[in-house]
Number of protein chains: 2
Amino acid sequence: MAPREVVVRQIGGALEGPAQSLPWKTMTVADDAVHLSEAHRRRAVILAVRPEVDGGHYPAKRVVGEPLVIEADIVGDGHDALRAVALDRPASRAAWRETEMALAGNDTWRAAIELTALGRHAFTVVAWIDAFATWRRGLERKLAAGVDVTVELLEGAALIEAAHARRADPALRQAAQVLRGAGPLAERIAIATGAVLAEAMARAPDRSGAVQYGRELVVTVERPLAAFSAWYELFPRSTRGDGAHGTLRDTEARLDYIAELGFDVVYLPPIHPIGRAFRKGPDNADAAEPDDPGSPWAIGGPEGGHTSVHPALGTLADFDRLVAAAHRRGLEIELDIALQASPDHPWVAQHPAWFKRRPDGTIQYAENPPKKYQDVYPFDFDSTDWRALWHALRDVFVFWCERGVRAFRVDNPHTKPIRFWRWCLAEVQARYPDAIFLAEAFTRPRLMYALAKVGFSQSYTYFTWRTTRAELEAYATELACTEVAEFFRPSFWPTTPDIFPEHLVHGGRAAFVARLVLAGTLAANYGIYGPSYELCEHEPRPGAEELARNEKYQVRTWDLDRPQSLRHVIARLNRIRRAHPALHGNRTLRFHPTDSEFVICYSKHTPDHRDVVLVVVNLDPHHVHRAYLTLDLAALGLSGDEGFQVHDLLSDAHYTWRGARSFVELVPDHSPAHIFEVRRFVRSENQFEHFL
Amino acid sequence: MAPREVVVRQIGGALEGPAQSLPWKTMTVADDAVHLSEAHRRRAVILAVRPEVDGGHYPAKRVVGEPLVIEADIVGDGHDALRAVALDRPASRAAWRETEMALAGNDTWRAAIELTALGRHAFTVVAWIDAFATWRRGLERKLAAGVDVTVELLEGAALIEAAHARRADPALRQAAQVLRGAGPLAERIAIATGAVLAEAMARAPDRSGAVQYGRELVVTVERPLAAFSAWYELFPRSTRGDGAHGTLRDTEARLDYIAELGFDVVYLPPIHPIGRAFRKGPDNADAAEPDDPGSPWAIGGPEGGHTSVHPALGTLADFDRLVAAAHRRGLEIELDIALQASPDHPWVAQHPAWFKRRPDGTIQYAENPPKKYQDVYPFDFDSTDWRALWHALRDVFVFWCERGVRAFRVDNPHTKPIRFWRWCLAEVQARYPDAIFLAEAFTRPRLMYALAKVGFSQSYTYFTWRTTRAELEAYATELACTEVAEFFRPSFWPTTPDIFPEHLVHGGRAAFVARLVLAGTLAANYGIYGPSYELCEHEPRPGAEELARNEKYQVRTWDLDRPQSLRHVIARLNRIRRAHPALHGNRTLRFHPTDSEFVICYSKHTPDHRDVVLVVVNLDPHHVHRAYLTLDLAALGLSGDEGFQVHDLLSDAHYTWRGARSFVELVPDHSPAHIFEVRRFVRSENQFEHFL
């Protein structure tokens with residue numbers, strides 16, 4: 001029937017007000033709005049599947065070895081029984097793997113799958129009405145109610161025969177015969193409700209009415225280092241003791257020290273030739289003296305660009321040696337990729353189209369009025385020759401991957417197009433699936449999250465400026481306990497060459513220890529900028545949130561043996577981190593109330609609570625603080641009144657606690673922080689359980 | 001280049017543990033993972049658009065006259081300025097309407113659009129980089145920093161000329177000439193930063209790089225009654241005073257009474273012929289006496305089925321009279337559609353395929369072991385003749401729509417296929433866009449929500465059983481202050497013919513008043529089952545959560561003039577609801593802490609705070625309770641220390657309060673509840689502002 005005018009009668013008082021003025025009479029509708037298709041008969045409805053980031057627009061993140069728990073909210077009408085399976089496959093393959101899902105309560109179904117291969121992994125969910133399970137449940141209820149079930153048994157026989165027709169199975173044929181037969185009722189019921197029949201029926205499901213969730217979701221699988229890592233940043237040119245310009249060989253000599261500190265990654269600022277034009281002097285002085293080394297981020301000179309090594313640091317061969325030497329020590333070398341060029345970069349002459357030329361013929365340099373960075377040219381990602389530029393930038397990553405680098409810190413990614421990153425990171429990981437990327441994005445929260453969504457493995461955070469208990473609890477909770485945890489992996493850094501926060505200027509050693517412990521236990525990924533950090537360097541450059549004599553602009557020499565060095569605390573922290581799987585992720589983070597705003601308390605645990613770590617930190621470096629903790633015992637895997645032992649892994653002190661209320665005292669000079677291993681008391685052995 | 005094997009070198013300690021065992025060496029990757037297309041250059045990224053239900057799988061709900069606030073989280077790289085527009089259109093039209101969006105902070109953009117037509121309405125968002133706004137902002141920063149801008153002016157001229165080429169405009173041509181000209185710098189700057197140029201440029205945007213959000217979202221627009229309504233349920237056969245079987249004419253005579261109570265909707269249980277086979281006697285007795293009327297939900301007899309009127313109630317002509325008489329009083333008649341049949345329903349003989357036949361040849365009746373409902377046959381929605389059945393059921397709604405009914409209460413929708421409802425409700429609303437549907441779904445939460453998502457306008461809730469302050473706060477917050485509010489419109493009912501909760505058995509009149517006030521102010525949609533409710537009928541049927549002498553099975557006579565009747569309280573409540581727009585929605589609901597678990601306090605307000613209502617209820621019908629309230633003054637539109645007046649609209653008592661702490665005392669027998677209008681004190685006029 002053709003579309004027709006519907007005259008909608010205005011009805012009653014409810015339509016007074018705005019409704020009166022509506023152009024309802026002009027509404028045209030078709031006579032058959034929706035055609036009835038077979039799909040309408042399907043009765044299972046999959047409402048939501050998790051993890052799903054922005055409705056499936058972006059992948060969730062996991063690492064190999066970490067299980068992917070797939071959840072789905074599924075309903076059917078009435079009281080019929082449902083059955084559901086999770087489908088998953090590497091994105092590069094077509095064939096799905098199926099995993100049976102189990103009802104986890106409140107119409108949520110759950111399955112855990114193993115992720116064994118790096119790369120993009122797709123998953124979705126299929127569900128259908130399980131007619132046999134429905135029948136069997138009804139049968140059992142009727143038996144319990146003492147209702148006659150002879151007819152039910154015949155209905156069951158029909159279901160079983162249909163299953164046998166789908167998938168021949170002697171067990172099914174026999175069961176159907178018994179249910180139809182004249183044998184004793186008790187025997188027929190025993191067969192009908194028996195496990196043998198249930199399993200045989202489960203093997204021959206009727207999936208003709210199965211529905212598949214409307215989307216295929218994706219999870220990006222990276223290597224474990226993406227989720228759990230400790231980074232150590234240092235300037236290779238400051239690795240000599242004698243004040244001369246250090247080399248990659250000198251850096252190699254520093255590796256034993258870094259390995260002893262227990263880090264995983266050695267992060268080097270750009271190691272490329274540095275431009276001479278507009279080179280900056282010490283502490284960003286406009287004019288440089290001839291022997292000022294300049295900023296490593298002013299990349300490119302006559303000697304080469306992003307794929308060259310600064311002659312003063314050494315050669316590519318030296319770099320290869322450094323990479324190999326690091327691997328021998330269980331370390332890996334990480335490079336800082338800054339996509340910008342100095343005026344002396346070879347590309348400026350070779351590819352003028354890659355830079356933005358202004359009406360006066362000059363090339364646009366970086367600026368942030370009134371600041372000008374004449375020593376840095378941004379690339380013009382939207383240039384007429386953009387494809388060649390994008391490929392060249394991608395190949396910078398590929399070049400270093402081919403030399404064994406698999407970890408990159410990306411400088412200011414938020415000032416480059418977001419879609420460039422989505423393309424570039426996918427390109428690199430397609431070739432080197434174990435490559436990981438840390439975004440140095442100190443910018444607005446949604447932009448930081450967007451960069452994570454398009455592929456950055458880790459990101460810098462606001463931790464550097466979060467100092468009060470309320471700030472730390474709110475921020476860490478947002479990162480660890482909300483949807484953010486599905487796509488954004490925070491890396492906590494107490495300082496960087498660009499940022500030396502005020503609370504470390506006057507906080508002394510206790511502040512350095514507290515910030516170190518917070519960074520290393522609140523976040524599974526963390527890093528420090530050394531040696532200035534472990535040496536508690538704290539003289540600020542006047543008027544700037546930086547250290548004085550900033551290494552970005554000059555060579556420094558460091559006395560690693562300064563008595564106040566934190567090297568032993570750091571080594572201990574990193575040993576604790578490695579030994580305690582509870583600290584290898586963030587999702588189990590729970591904060592526990594304390595009655596002091598200066599005392600913060602939180603825990604992490606493994607899913608099975610075999611490993612439970614409880615951290616208490618005094619946020620005030622100047623005063624002793626005492627506090628009562630109100631522990632969430634369930635989060636610690638403890639029952640109400642049992643005794644338990646807390647072992648401070650920093651000081652090796654042991655305490656026996658009982659119940660939720662506990663008292664702590666933190667003296668800045670001795671112990672600004674506790675990292676407790678929580679041990680349950682095992683009555684059987686009359687001792688505290690040792691997990692590790 | 002063809003796919004090749006990538007040998008991934010195992011790197012460093014970070015790969016110890018699970019990673020070691022991975023089959024990385026077998027990973028195959030293509031050389032060019034992603035082809036670079038023009039789309040990669042687009043620099044705006046639209047991360048999320050709201051309202052979006054289940055990632056766009058289901059429509060949000062609004063009513064005509066209610067603005068639709070569209071929000072989008074949009075980011076670009078760097079500091080470039082963005083511009084965004086919301087697109088919307090009736091789903092039946094192809095052409096989009098555009099509405100400029102404004103930045104609302106934290107990278108969220110917002111636009112409000114008016115919804116003037118009933119039906120499905122589509123919307124999405126488009127965003128792009130605004131090169132001119134970016135340039136102008138940079139110019140202003142440089143001017144502020146005292147930087148020379150002569151070159152910037154030339155860059156601006158180029159942007160303006162490009163705009164002029166897109167859209168000829170004298171203002172643009174002239175501005176470009178001035179910026180390129182040799183006129184005084186001050187003059188050029190004045191033009192460059194002037195509003196005339198900005199507006200002209202805004203009219204000629206460069207949208208070549210615009211991106212559109214990946215989905216088109218839908219909002220279902222219904223009439224105001226869907227969002228704000230008061231329902232009165234009564235059994236027509238009990239509308240006579242003399243104990244005889246009431247008729248639709250008797251019901252007509254009851255309309256003035258219902259109108260005086262201030263309800264919008266008169267809800268009638270099924271009015272169709274009632275089956276005789278297995279008819280139930282009083283209080284669900286298995287055997288009925290010859291003159292027992294039976295349950296109206298056992299639909300169908302020799303006299304007809306779902307489109308007939310029970311002869312004892314009258315004729316279709318009487319029904320038409322009733323509808324018209326209701327409309328004259330600003331009321332509308334609502335029908336209860338129960339999709340099931342008695343064994344005597346004409347369809348049983350006419351369409352045997354619509355019912356499920358068992359192996360013994362009998363028709364499957366409804367049951368819930370050990371309970372059996374031999375008087376009710378469910379339809380077999382999955383039968384071989386399902387299409388004909390579905391169309392017939394749809395046409396039941398259409399039949400009554402054609403007789404002027406536009407509101408339906410659907411009995412047990414959760415026992416019929418969810419996709420049937422999605423299809424059926426859309427079919428009916430395609431013909432009668434002002435038809436609304438109340439789901440009588442007392443079932444699991446996700447199934448109730450699923451029914452709302454597929455089209456039910458309103459739904460019954462668990463309110464009937466939520467009695468403590470904690471229960472009420474948690475449940476009302478879930479319904480009003482979470483994503484649930486986008487698709488699920490709760491209707492709060494203190495009792496129904498099926499449910500007479502225990503707290504009303506012994507609570508007396510105070511409990512009836514308290515539950516009435518809670519239902520009518522916590523939820524914009526509510527209803528009562530009368531006259532038993534206003535008459536405080538409270539004798540339970542032993543062993544059941546029902547009233548004794550349940551009207552479902554027998555005719556009752558009611559003395560509407562009983563002295564304890566709540567008719568005046570109800571009339572007052574409904575007048576208050578109509579007069580106060582704050583109560584016409586749920587989204588602004590806020591609970592305010594009190595220091596008594598028996599005293600609950602909450603407020604609702606209009607977006608502009610012109611109307612603010614504060615409700616306080618004593619949840620204990622047996623004792624006086626006093627409490628200090630800690631008011632969230634911001635939610636009330638008040639500043640910290642100003643005085644304000646609260647006017648109890650139930651008792652007309654006035655109080656002047658100041659600040660967040662206030663004291664209340666609630667005496668069950670006199671005033672178990674306050675419904676305060678909050679009035680700000682206006683110093684200028686030295687009196688309290690009267691909003692209405």
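In the predicted model described here, chain B contains an open sheet of 4 strands in the order β3-β5-β9-β8, with antiparallel pairing. Strands are DSSP runs of E of at least two residues, helices are runs of H or I of at least four, and both are numbered from the N terminus; two strands count as paired if DSSP finds at least two bridges between them. The edges of this sheet are formed by β3 (45–50) and β8 (102–103) of chain B, each of which pairs on one side only. Within the sheet, strands β5 (residues 68–75) and β9 (residues 108–113) of chain B run antiparallel and are joined by 6 bridges. One bridge sets B:A72 against B:W109 in β9(B). Helix α11 (residues 445–453) of chain A packs on the sheet and touches β3, β5 and β9 of chain B, contact being defined as heavy atoms within 4.5 Å. The direction of this helix makes about 70° with that of β5(B); axes are lines fitted to C-alpha atoms, for helices over the stretch in contact, and angles between N-to-C directions run from 0 to 180 degrees.

Residues are numbered from 1 along each chain as its sequence is written, while chains are lettered from A and ligands numbered from 1 in the order in which they are written. As the model is predicted, local features need pLDDT of at least 70 and side-chain atom pairs count only at pLDDT 80 or more, whereas totals for chains, interfaces and linings use all residues; side-chain values use heavy atoms, with hydrogens and water left out.

The contact between the two chains involves 111 residues from chain B and 110 residues from chain A. Together the chains bury about 9,600 Å², 57% of it on carbon and sulfur atoms, where buried area is the accessible area (1.4 Å probe) that two parts lose on being put together, summed over both. Across this interface 12 salt bridges are found, each defined as a side-chain nitrogen of Lys or Arg within 4 Å of a carboxyl oxygen of Asp or Glu. One of them joins the side chains of A:D107 and B:R444, at 2.8 Å from N to O. On the side of chain B that touches chain A, the largest share, 7 residues, comes from helix α10 (residues 418–431) of chain B.

Over all chains, the count of salt bridges comes to 110. Among them is the pair A:R223 and A:E332, whose closest N and O atoms are 2.8 Å apart. This pair links distant parts of the chain, 109 residues apart: A:R223 lies in the loop between β12 (217–222) and β13 (229–233) of chain A, and A:E332 in strand β15 (residues 332–337) of chain A.

A second open sheet in chain B comprises 8 strands in the order β22-β21-β20-β15-β14-β13-β24-β23, with parallel pairing. Its edge strands are β22 (458–459) and β23 (491–492), each pairing on one side only. Strands β20 (residues 407–411) and β21 (residues 436–440) of chain B pair in the parallel sense over 5 bridges, and B:D411 stands opposite B:E440 in β21(B). Helix α14(B) lies across β13 (229–233) and β24 of chain B, running at about 165° to β24(B).

Most residues other than glycine have a negative phi, and most peptide bonds are trans. The peptide bond from B:G530 to B:P531, however, is cis, with omega near -10°; B:P531 lies in the loop between β24 (525–529) and α14 (567–579) of chain B.
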